[in-house]
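Subject: Structure handover

Hello,

Here is the structure we spoke about, for you to look through. My notes on what was found follow below it.

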Amino acid sequence: MHSPISVSPVWRRPTSPIACRFADRDVDLLVVGAGFQGLSAALHAARAGLSVQVIEAGDIGAGASGVNGGQVIPGLKQDPATLHSLFGEEAGRRLNTFAASTADVAFDLIARERLDVEHSRTGWIQAAHTETALQSAVRRNRQWRALGADVTLLHAAETALLTGADGYRGAFFDRRAGVVNPLALTHELARVATEAGAGLVLNDPVTALFQNGSSWQVETRSGRSLSARKVLVATNAYSDALVPKLAQSLVWLHSFQIATEPLPSEFDFILPGGQAVSDSRRILIYYRRSPDGRLVLGGRGPMRAPQSAGDWAHLQRALHRLFPALAKVAITHRWFGRVAMTPDHLPHLHEPAPGLLVAAGCQGRGIGLMVSLGERLARYAASGDASALPLPITPLRAIPLHRFRRIAVAAQIARYRLLDGLER
Ligand SMILES: Cc1cc2nc3c(=O)[nH]c(=O)nc-3n(C[C@H](O)[C@H](O)[C@H](O)COP(=O)(O)OP(=O)(O)OC[C@H]3O[C@@H](n4cnc5c(N)ncnc54)[C@H](O)[C@@H]3O)c2cc1C
């Protein structure tokens, strides 16, 4: 029997209380958005001695941080050699060192701060579904191993054993990666940030942001107003018109997810080691087990907001293609969120005016990245030293014909889906 459908993610929210507070005087750093980025920046800035206020439009985890797949994967979308050639020897090396460390930073934070977050660090399998994809895995493995990373290649049989799915040619296996409960991580980051002294206000969008002499003034929908020396706009894929051109510098897509009911022991062959998996398709599918034993699977969804359970049907088909034994298992949860893409597939850092900081565009791989970037942005806000940042600060540029870009991307996704289907 199928249980009723929920549109909330399956992740447990910790019950530890979070004390919300609004600053009664000017602050050093005001953070707009309480996701991984904003909360990590708030925590580290408060620990560095700055007075900090976070303002969030919704509840904790209302953005991508609370609804994502919880796969903590180091590295950026581009392989180390590509980053080297894009940025040159010195900046490329610094960026690769940063990219290699992002999962460490997230897992170390969980351990050091004793966060109440279900997590395991059993690695990430990037499963190759074609010979070409396997050759990319070989190259990726070679490049990361040359940098000393704990990665390896898996044969087809090993991949089948670890995933429980047949048909993969082999895989790139990254032991630095793992899985977390992302909602718990967001909640717990909010808790430790507030305990470190940061003020936090929820359900009150920032509606205006303007320069006032050498400081910044923000106003919220409920009428709050605050002056800050510096502002970090950590709104990422949920950016609105607060910073001119920011929303137009990104293309946001929907990532959709489904979760099965908790699986009985007859399905213990699916991800027996608890790894995270992404496949190598152009429109990739990613999956993992949840702490309560469900299979959680995600992938791109329609560009528009979903209208019925049918909008998740492609994920259900992928689930059954990978795991035919799950055909009769109930899908209990369906949900979605936004992912921010940039034209060069790199995260972008901007400072459109002195003291106004923006980081956005994680291309769907933002847990380790945004926790780490938040820490670096806090260092930059405290010191003004741009060498704290792993990427150069670039001008904020709207994508030409932005309005039509989403249509073009939708067409591209449809084409890729077709090509992926032909390679099955
Ligand atoms: C379905 C899905 C699955 C994903 N899976 C993975 C995964 O498995 N692994 C991984 O590494 N990454 C994954 N990602 C990407 C990852 O979740 C994001 O990169 C990351 O959460 C971004 O964090 P953030 O803090 O920058 O932004 P967000 O968490 O999106 O936070 C931005 C916040 O800004 C707030 N905001 C917006 N406007 C205002 C305003 N005017 N005033 C106040 N607040 C405002 C929003 O409410 C929101 O809470 C996934 C994303 C989605 C959507």
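This is a predicted model: local features need pLDDT of at least 70, side-chain atom pairs count only at pLDDT 80 or more; totals for chains, interfaces and linings use all residues.

Tyr 287 has 30 C-beta neighbours inside 10 Å, so it counts as buried; the cut-off for that is 20 or more. The residue is found in strand S15. Leaving aside residues up to four places away in sequence, Tyr 287 touches Val 277, Leu 295, Val 296 and Leu 297. The C-alpha atoms of Tyr 287 and Ile 258 are separated by 9.5 Å, and these two residues are 29 apart along the chain.

The sheet around S15

S15 belongs to an open sheet of 8 strands with mixed pairing, in the order S6-S7-S5-S14-S15-S16-S13-S17. Its edge strands are S6 (151-155) and S17, each of which pairs on one side only. From one strand to the next, the twist averages 20 degrees.

Within this sheet, S13 and S16 (residues 295-300) run antiparallel and are joined by 5 bridges.

The strands around S12

Strand S12 (residues 225-233) has several pairings. With S1 (residues 27-32) it pairs in the parallel sense over 5 bridges, and Leu 29 has Lys 230 in S12 as its bridge partner. S12 also runs parallel to S19 (residues 356-360), with 3 bridges joining the two; here the bridge partner of Val 233 is Val 358 in S19.

The pairing of S12 with S11 (residues 215-220) is antiparallel, over 4 bridges. Glu 219 stands opposite Ser 225 in S12. S11 and S12 form a hairpin with 4 residues between them, and Gly 223 in the turn has a positive phi of about 100 degrees.

S11 is also joined to S10 (residues 206-212), by 6 bridges and in the antiparallel sense. In that pairing, Val 206 has Thr 220 in S11 as its bridge partner. S10 and S11 form a hairpin as well, with 2 residues between the strands, and in it Gly 213 takes a positive phi near 65 degrees.

Helix H1

How far does H1 reach from its first C-alpha to its last? The helix has 12 residues and reaches 16 Å, close to the 16 Å expected at 1.5 Å a residue. Of those 12 residues, 11 are buried, so H1 is largely enclosed by the rest of the structure. Among the buried residues are Phe 36, Leu 39, Leu 43 and His 44. After H1 comes Gly 49, whose phi is positive, near 95 degrees.

The ligand

Which residues come nearest to the ligand? Of the 43 residues around it, they are Gly 33, Gly 35, Gly 63, Gly 337 and Gly 366. The elements that give two or more residues to this shell are helices H1 (36-47), H2 (64-67) and H9 (367-383), together with strands S13 (251-260) and S17 (331-341).

By residue type, the shell around the ligand divides into 20 nonpolar, 19 polar and 4 charged residues.

Regards

Note on methods:
Residues are numbered from 1 along each chain as its sequence is written. A residue is near a molecule or strand if its C-beta atom, placed from the backbone, lies within 6 Å of it. Ala, Val, Leu, Ile, Met, Phe, Trp, Tyr, Cys and Pro count as nonpolar, Asp, Glu, Lys and Arg as charged, and the others, Gly among them, as polar. Two strands pair if DSSP finds at least two bridges between them. The expected span of a helix is 1.5 Å times one less than its number of residues. Axes are lines fitted to C-alpha atoms, for helices over the stretch in contact, and angles run from 0 to 180 degrees between N-to-C directions. Two residues are in contact if their C-beta atoms, placed from the backbone, lie within 7 Å.
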